[in-house]
Amino acid sequence: MTEKGQHQPIIVRSGERVVLSLHNMSMMAHPMHLHGHVFQVVGLNGRRVAGALRDTVHVSPMSMVDVALDAGEAARWMLHCHHMPHLATGMITEFAVTASA
Ligand SMILES: [Cu+2]
C-alpha cells in the first residue's frame, strides 16, 4: 500500500512471460485483480500447481500465490485488491506494459 502517486509500477514488455508473486503479510484476505489480462495460478505457498486461468485470485492471510501470464497490450493496467475498502485506501498499483522491441 502506498500514498497516492507514490506507487512503483511493475514494468514489463509486451509479450514477455512473467510471474507475479503475491505475498499477503496481513491477517486479511485480498482478492487480487489484474486488468486486461488472464493469468494462471502456478504456485501456492511455494508449492507448484497448474491452476485455472483467471483474472482475480484470492490471497489468503499470511499466504503466497504465484501467477504467470504473458504481458499483453502496451498500456498501463491496474493491479488491485478487489475488496473495495482496501482499494479505496490505496491497495492498488500499476502493471505497466511497454511496447515490444
Ligand atoms: Cu484487500
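Colleague: Which residue in β7 is the bridge partner of His-30?

Modeller: This is a predicted model. Strand β3 covers residues 30-34 and pairs with β7 in the antiparallel sense over four bridges. His-30 has its bridge partner in β7, and that partner is Val-59.

Colleague: Which strands stand at the edges of the open sheet?

Modeller: The sheet has five strands with mixed pairing, in the order β1-β10-β9-β3-β7. An edge strand here has a single partner strand, so one side of it is left without a neighbour in the sheet. On average, neighbouring strands are turned by 20° against each other, direction ignored. The strands at the edges are β1 and β7.

Colleague: Is Gln-8 buried or exposed?

Modeller: Gln-8 lies in the segment before β1, which spans 10-13. Its C-alpha atom is separated by 7.5 Å from that of Glu-94, 86 residues apart along the chain. The cut-off for exposed is over 50% relative accessible area. Gln-8 has 69%, so Gln-8 is exposed.

Colleague: Which residues touch the most other members of the largest nonpolar core?

Modeller: This core has 20 residues. Elements that give two or more residues to the core include β3, β7, β9 and β10. Phe-95 touches, among others, Ile-10, Val-12, Leu-34, Leu-69 and Trp-77, leaving out residues up to four places away in sequence. The residues that touch the most other core members are Leu-34, Val-57, Val-67, Leu-69 and Phe-95.

Key
Residues numbered from 1 in each chain as written. Predicted model: local features only at pLDDT ≥ 70, side-chain atom pairs only at ≥ 80, totals over all residues. Heavy atoms only, no water. Buried < 20%, exposed > 50% of the residue type's maximum accessible area, 1.4 Å probe, protein only. Pairing = 2+ DSSP bridges. Axes fitted to C-alpha atoms, helices over the stretch in contact; angles between N-to-C directions. Core = buried A, V, L, I, M, F, W, Y, C linked by side-chain atoms within 4.5 Å. Contact = heavy atoms within 4.5 Å.
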